Amino acid sequence: MRRDTLSHKKDTDYLAISTRVHAMENRMLSRERMDRMIDAKDDGEALKVLSECGYGGEGLTLSNVEAALAAAGQETFRDLLSSVPDPKVVQVFQLRYDYHNAKALVKAQAVGKDARHLLMSGGRYAPQKLAECFEKEDGRDLSPVFRAALEQARDTLAATRDPQLSDLVLDRACYQEMAQLAKETGSRFLEGYVALSVDVANLRAAVRVARMGKGSEFLTQVLLPGGNVSPRTLASARGEDLTALFQAGALAQAAQLGAAATQDRGHSLTAFERECDNALKHYVAGARRVPFGEQAVIGYLYAKEAELTAIRTILAGRRAGLDGALIRERLRECYV
């Protein structure tokens with residue numbers, strides 16, 4: 001019986017939820033189902049595939065599909081939060097919604113606007129409650145890291161008038177809190193996922209900064225700590241050095257494409273961006289080989305978010321009248 005993966009929970013504590021998660025994976029959007037959506041003769045036929053996956057039932061239409069997708073994402077979090085032995089495993093994936101909302105609130109307040117219509121559900125804090133806490137400057141119910149980041153981002157934007165800098169404050173805090181929660185669970189698998197997520201963010205930043213022609217001083221400001229490649233090492237490297245820096249890890253292929261893109265600024269970043277996402281998918285796909293444990297929940301949470309993104313990509317491509325091949329080019333690899 002393994003006891004070293006979670007500080008306070010054993011893998012057997014996850015037996016019931018792992019079994020249920022593996023069963024739920026069978027209803028997910030497979031590559032075959034994606035192809036059926038892309039090639040569907042009309043929108044009704046495309047939406048029928050989503051109904052088979054549990055979205056919205058027979059009443060699903062183009063006018064309510066986004067609401068159905070948002071509701072499904074919220075229900076996934078609610079379901080797993082009530083089922084997992086350690087809710088922090090789920091909260092790691094909720095953080096991006098909280099920090100998205102924080103960015104919207106900070107920037108809207110700076111220009112005297114109401115940001116409520118921009119807020120997303122799915123985070124630890126209900127959008128309405130978070131907006132009220134922010135407006136009243138009452139962060140007692142917020143996590144210490146999140147509360148401090150909100151205050152710092154607001155002060156940074158007020159002092160500099162630069163929304164990029166306030167966003168960076170929140171991005172740093174988001175990954176810091178992800179790492180903190182992952183460490184508190186004791187899950188090396190989850191800690192590895194967070195570290196790889198930092199590497200992905202930093203590699204993307206390095207490629208974009210190189211293509212902008214800006215130097216290491218600027219790059220140092222935007223790189224995040226906590227990855228497998230240190231910010232100092234990455235900031236001192238040239239664009240063509242990226243392949244060597246990441247050649248031994250999950251981002252080897254992405255780094256190679258990124259290095260090529262830094263040498264040719266007219267080079268499309270589509271393949272590079274796709275490989276960055278695929279690296280994360282390959283990492284979490286290892287969860288499917290684990291019969292029970294927190295890995296199954298982590299893999300499913302990642303896969304569910306990727307599925308929602310794929311559905312939106314397909315539907316947006318169909319609305320724009322894109323060729324099926326072009327839509328497929330924009331999709332990432334399937335988890336199932």
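**Cores and a cavity: worked exercises**

The largest nonpolar core has 77 residues, and those with the most contacts inside it are Leu80, Phe93, Tyr99, Tyr193 and Leu203. The model is predicted.

**Exercise 1.** Find the helix that gives the largest share of this core.

*Solution.* Go to residues 88-110, helix α5. Twelve residues of the core come from α5. Next, pick out Leu80, one of the residues with the most contacts inside the core. Leave aside residues up to four places away in sequence; Leu80 then touches Ile17, Val21, Val90, Val297, Tyr300 and Leu301. Last, look for another core, apart from this one: 22 residues belong to it, among them Met37, Val65, Ile311 and Ile327.

**Exercise 2.** Describe the largest cavity and its lining.

*Solution.* Start with the count: one cavity reaches 30 Å³ or more. The largest cavity holds about 40 Å³ of space. Now list its lining: Gly73, Thr76, Phe77, Tyr97, Leu301, Lys304, Glu305 and Leu308. Two elements each give two or more residues to it, α4 (65-81) and α15 (294-319). The largest share is four residues, from α15. Finally, sort the lining by class: four residues are nonpolar, two polar and two charged.

**Exercise 3.** Decide where the model calls for caution.

*Solution.* Then turn to residues 1-6, where pLDDT stays under 50. The model has 22 contacts beyond four places in sequence for residues 1-6. Where pLDDT is low, predicted coordinates should not be read in detail.

Conventions:
Residues are numbered from 1 along each chain as its sequence is written. This is a predicted model: local features need pLDDT of at least 70, side-chain atom pairs count only at pLDDT 80 or more; totals for chains, interfaces and linings use all residues. Side-chain values use heavy atoms; hydrogens and water are left out. On a 1 Å grid over the protein atoms alone, a cavity is a set of points where a 1.4 Å probe fits but cannot get out, and a pocket is an open set with protein on both sides within 12 Å along at least five of seven lines; lining residues have an atom within 4 Å of a point. Grid points are joined across faces, edges and corners, and a volume is the space filled by probe spheres set on the points. Ala, Val, Leu, Ile, Met, Phe, Trp, Tyr, Cys and Pro count as nonpolar, Asp, Glu, Lys and Arg as charged, and the others, Gly among them, as polar. pLDDT is the predictor's confidence in each residue, from 0 to 100. Contact means heavy atoms within 4.5 Å. A nonpolar core is a set of buried Ala, Val, Leu, Ile, Met, Phe, Trp, Tyr and Cys residues joined through side-chain atoms within 4.5 Å. Buried means under 20% relative accessible area, exposed over 50%, partly exposed in between (1.4 Å probe, protein chains only).
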